Amino acid sequence: MTITAAEVKKLRDQTGAGMMECKAALTEANGNFEDANTILRKRGLASAAKKAGRATSEGLIGSRLSADGFTGILVEVNCESDFVARTDEFQRLVQDIITEIEKAGDSADQTLLSEPNGAVQKRLALGIAKLGENMAAPRFVRYAGKGYVGQYIHTGGKIGVQVEFAGVTPEIAKRDEFAVLVKEIAMQIAASSPTYVSRSAVPGEVLEKEKSIYRAQMEASKKPANVIDKIVEGKLGSFYAQVVLPDQESIRDSKLTVADVLTAASKALGAPVSVSRFARLRVGEGAQ
């Protein structure tokens, strides 16, 4: 039977597979779309199985924000080469995976990416079949309903930041001063890679480990215990300045901390604005 271009396009829109693959599947299925879809899925899964295990250290961090700015998604999607990562097909794959996370809404968790018969794995299989490389979607971050979400994508999609702000009303969200703050804080996280949103968020065992290291360094000094305690506290301050976002030196002005930047912005905006949580994804960190 004759397969029309419109039918091929329809199947391509449904599956994301290549035009030639869609035409071949429709021909084999005698024009039956459901059977053609199954054929493409089987071919994709077979191709994926052959390529499983190959290193996926390249890829992109994809992002999407809701219109009101109060819901945001970051996802890491990996492939084998930067060449494939830059193709339109791979970039469509990234957006398709974000759409699946968006559909899942509040029920979205990491199993959404790994479920063998789930929509994400099916879409990855089709991408593998078309582009000829192993692919994976190892992790995503979704913030919703708790604050204003800002995003920043750095170095051609290799680093992505998502940061959530508390104390932001819809009116504040529209202010230019706030837009400047969001970009500055997101770029800070991209550049300086903090681990914690506040000192209180640092786990007790992490602090005790740091203190024990500092005390061990002072063992041979024979200084009084109270002096050692002060030195340890001073070293902890340096530790906080490395790993705690508000304690970090501002990338814009080395004379300011991020806490200073937030305080100044809150004053300008007329309301206390703070960072409630953040995520920083770098391509390859979550790769298989």
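Predicted model: local features only at pLDDT ≥ 70, side-chain atom pairs only at ≥ 80, totals over all residues.

Colleague: Which residue in E2 is the bridge partner of Leu 60?

Modeller: Strands of a sheet pair through backbone hydrogen bonds, either parallel or antiparallel. Here Val 77 in E2 is the bridge partner of Leu 60. E1 and E2 (residues 71-79) pair in the antiparallel sense over eight bridges; pairing requires at least two DSSP bridges. Strands (E, at least two residues) and helices (H or I, at least four) are DSSP runs numbered from the N terminus. Residues are numbered from 1 along each chain as its sequence is written, and side-chain values use heavy atoms, without hydrogens or water.

Colleague: In what order do the strands of the open sheet stand?

Modeller: The order is E1-E2-E3, with antiparallel pairing. E1 (58-65) and E3 (136-144) are edge strands with a single partner each, so one side of each has no neighbour in the sheet. The twist from one strand to the next averages 10°.

Colleague: How do the axes of H9 and H12 cross?

Modeller: Two packed helices are described by the angle and the distance between their axes. The axes (lines fitted to C-alpha atoms over the stretch in contact, with N-to-C angles from 0 to 180 degrees) of H9 (residues 176-192) and H12 (residues 258-269) come within 10 Å and cross at roughly 170°. That makes H9 roughly antiparallel to H12, as over 145 degrees counts as antiparallel, under 35 as parallel, 65 to 115 as perpendicular and the rest as oblique.
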